[in-house]
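Biologist: I would like to go through the labels used for this model and ask what each one rests on.

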Amino acid sequence: MEWEKHLNKQQLKAVTTPSQYVRVIAGAGSGKTRVLTYRLAYLIKEFGAAPWRTLAITFTNKAAKEMQERTMSLLPGNEGNLNVMTFHSFCARFLREEAQLIGYPRNFTIYDEDDQQRLIKSIVTRYGYKKNDKIVGEALRFIGMLKTDGLYPDDIDLRKYPYIPDRKTLLEIWKDYETALNNAFALDFDDLLAKVRLILINNEETRTKWQNRFDHILIDEFQDTNDVQYDLVENLLKSTTNLYVVGDPDQTIYTWRGANQDILTKMERQFPSVETIILNRNYRSTQNILSAANKLIAHNKDRIKKDLYTEAGSGEKIVQNNALTDRSEAEWVAQELMALKISEPGFSYRDVAILYRSAYLTAPIERVFMTKRIPYVVYGGIRFYARAEVKDVVAYWRMLVNRKDDVAFTRIINTPKRGIGDKTLATLVSEARKQEYSLYEYILYLEDDAPTDLRPNAKRILKDLVLIMESYRERIEAGLEAPSEVANEYIEKVGYYKYLKEDEERGEERLENVAQLIQELYAALKEGQFTTFAEYIQNVTMYTSQDEMGNEDRVTLMTVHVAKGLEYPYVFIIGLNDGVFPNHRSLDGGLEALEEERRLAYVAFTRAQKRLYLSCSNEYSYVLSNRKQPSPFFKEAGLEFPRFSSRFEFGRRYELPTKESDGGETRDFFAEPSEVADWQIGDLAQHRVFGRGIVKKIIDNTILEIKFDDYGIKKIMANHHAVEKIVLEGDLS
DNA sequence: GAGGCAGTAATTTTT
DNA sequence: TTACTGCCTC
Ligand SMILES: Nc1ncnc2c1ncn2[C@@H]1O[C@H](COP(=O)(O)OP(=O)(O)OP(=O)(O)O)[C@@H](O)[C@H]1O
């Protein structure tokens, strides 16, 4: 193999270096993932490394699959096992093997965020809170914050958190949460990492065993590694193990999940002999795109300067748009797509990605695409595996594998509706608790004549349900029939298909999703990706948005986080508004948070290969209680604020009150020209915030100057939803 | 216990 | 705009 044909000089050096500890630091699109893939192949082919003694960590399952395939294609004639997987899958596998160390069976259940939330809800009701009390969110955040650092309740000294109002209760809830997880043989995502870390640190025998398994550990997207993951890796290293990491500190976008921005520096401190290799040629984007991205990220203070260049030529200009409304923003995107389709030979929809800060921003785009029949798929927000129907079915399946999984059982106990309501459930929960049984076990072992407060009818319904589940559990365990067949028949038997068919609006789509899930179960077992039904069920929870991506000819809509590591010829970034991107809530976190938003924008910009479209809108925002302004990122990227682009959009400049609203600072503002004919000087007005007032002046027929009883004179948009004319009854004189 | 309606409150990112 | 609660009726 002529390695130098596929790699530039720096890349070649990175791939072939004999150093034991290596870090490759490089900007977006410089071939980091490519280098890691070639390195893996190179180690096996030229260094004679044993494929099964290498461990490569990627950020998503999809990236793992691609790297696996890519590496194998570089190694013709070689087959066998490469260990390419995410941290979480690695830990799940580890714990499957070492389950007895935590007192769990191999077929433990992995709880996702939704399961966690349900569990917390059931716990807080025991404290007298309502199921939807805000304590639920607080508890999830509290637990998440500490658990991502690898901590457990016993490690907590509450005096360190005086600023958290309900800390005492929260800690109690957390303890109950841990007990509930234990009783259910369940682990949440943080447990996967934290438990493995603790085992490796505390159990020498196991540590040695695992240290002896790998000669080479390689990590992609290292900049988003957190300290627990880092510890974990460190404990997998013996003195001769090789460690190879690649990353771009400017692309750290998961600090809110514990990623440590300084992790690359930390590594250098820990391994002073580390060889650092810098790649600075970008192979992905045109100069125009790259320049904008470089200028933008240069505004971050807390960073190591890197100079990325490209030989691709300046390419096309960045296209900008400032739309009047969210709807016209979406229409503009559709128009541009149509234009591309006509003007670009060989264009296909799959070449296009539409990126945004938050999932809710897709709504107008979806509506417009639907009417214009532009094919699209949405990723991020709700993952396929997080959809209600998919989770329902998986919850049914989970009961076949783990009878202690109360969260799953509670989920499906009345789906489809069986007449089991909150009352019956509460009775069941308390009786099962007394006997120290899970809900399922309690029902299963409940004798006909045993005393119970369950209604006879409810008792019969539950018993029938559990007996059905038992029979399918036995069939799956016997392993004589194809699991996908049994699993499918089971879903029919519990009445779930009938339930979906009754959903007139979305029934068909939901049935299709379930069919797809069953197809995937079938394929995963057939291809040997997982060996047992139980293992598949365990891993389904960790599937990500990227894992769902197919190759259909459709436009891809996704959050920037989901787009990490991907590239597209044409990229639209929509909703590039102040307060949206950067997100106003994240800005509470101060400068650091703003810098992360900027990195996120940097990631977004650098997904584009040929042409980048940046767009914002002036729609009224209920959250900001103002019309949206273009994002500061435009200017920071060296671009002018975008001008209106569509033919209806002839904005005018208005003077508007700022937040504190004494007419203060003047802002450039475009507003929808609107008729305000029904306002007259002297009219009485009612404002949601300022209360009652009288109209003193009308400016440009659009702005009212109102003197409020309690707040003095304010200038208000006449068409603003918060202001209303008071019509006095009978006042027609 | 289920379903429908009206009024109110508030929109981050995910393994 | 939407999504979610609380309240009402069957
Ligand atoms: N030496 C090379 N010759 C040709 N193409 C290359 C070369 N190096 C990288 N590329 C191409 O550049 C693109 C970006 O590479 P890659 O995804 O590995 O970059 P990256 O640094 O991992 O990006 P990101 O920072 O966005 O994750 C890919 O399409 C890759 O095939």
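Biologist: How many aromatic pairs does the structure hold?

Modeller: The model is a predicted one, and the structure holds 31 aromatic pairs.

Biologist: What makes the pair of Tyr254 and Trp256 tilted?

Modeller: The planes of Tyr254 and Trp256 stand at 35°. Stacked needs planes under 30 degrees apart and edge-to-face needs over 60, so a pair in the remaining range is called tilted. The ring centres of Tyr254 and Trp256 are 5.4 Å apart, and the limit for a pair is 6.5 Å.

Biologist: Why are two values quoted for a pair of rings?

Modeller: The distance of the centres and the angle of the planes are what describe a pair of aromatic rings.

Biologist: Is Tyr254 buried or exposed, and how do you know?

Modeller: The relative accessibility of Tyr254 is 9%. Buried means under 20%, so Tyr254 counts as buried.

Biologist: And Trp256, buried or exposed?

Modeller: Trp256 has a relative accessible area of 56%. The cut-off for exposed is over 50%, so Trp256 is exposed.

Biologist: What kind of aromatic pair do Tyr437 and Tyr445 form?

Modeller: Tyr437 and Tyr445 are also a tilted pair, with 45° between the planes and 5.3 Å centre to centre. Tyr437 has 34% relative accessibility and therefore counts as partly exposed. Tyr445, at 40%, counts as partly exposed too. Partly exposed is the range between the cut-offs for buried and exposed.

Biologist: Which residues form one aromatic cluster?

Modeller: Tyr396, Tyr472, Tyr490, Tyr496 and Tyr499 form one.

Biologist: What lies over the face of Trp210, and how do you know?

Modeller: Arg213 does, at 4.0 Å from the ring centre of Trp210. The distance limit is 6 Å, with an angle condition of 35 degrees from the ring normal.

Biologist: Where is Asp503 found, and why is it called partly exposed?

Modeller: Asp503 is in the loop between helix H21 (496-501) and helix H22 (507-526). Its relative accessibility is 22%, so Asp503 counts as partly exposed; buried would require under 20%.

Biologist: Which residues are closest to the ligand?

Modeller: The ligand is surrounded by 19 residues, and the closest are Gln11, Lys32, Gln251, Arg284 and Glu567. By class, the shell has three nonpolar, 10 polar and six charged residues. Helix H2 (residues 32-45) gives the largest share of this shell, three residues.

Biologist: Which residues are around DNA strand C?

Modeller: Asn132, Arg367 and Tyr622.

Biologist: Which residues come nearest to DNA strand B?

Modeller: Of 28 residues around DNA strand B, the nearest are Arg357, Ala359, Thr559, Arg585 and Val623. An N or O atom in the side chain of Arg585 is 2.6 Å from a phosphate oxygen of DNA strand B.

Terms used:
Residues are numbered from 1 along each chain as its sequence is written. Chains are lettered from A and ligands numbered from 1 in the order in which they are written. This is a predicted model: local features need pLDDT of at least 70, side-chain atom pairs count only at pLDDT 80 or more; totals for chains, interfaces and linings use all residues. Side-chain values use heavy atoms; hydrogens and water are left out. Rings of Phe, Tyr and Trp (its six-membered ring) pair if their centres lie within 6.5 Å; planes under 30 degrees apart count as stacked, over 60 as edge-to-face and the rest as tilted. Buried means under 20% relative accessible area, exposed over 50%, partly exposed in between (1.4 Å probe, protein chains only). Helices (H or I, at least four residues) and strands (E, at least two) are DSSP runs, numbered from the N terminus. A residue is near a molecule or strand if one of its heavy atoms lies within 4 Å of it. Ala, Val, Leu, Ile, Met, Phe, Trp, Tyr, Cys and Pro count as nonpolar, Asp, Glu, Lys and Arg as charged, and the others, Gly among them, as polar. A polar contact is a pair of N or O atoms within 3.5 Å; within protein, one must be able to donate a hydrogen and the other to accept it, and residues adjacent in sequence count only if both atoms are side-chain atoms.
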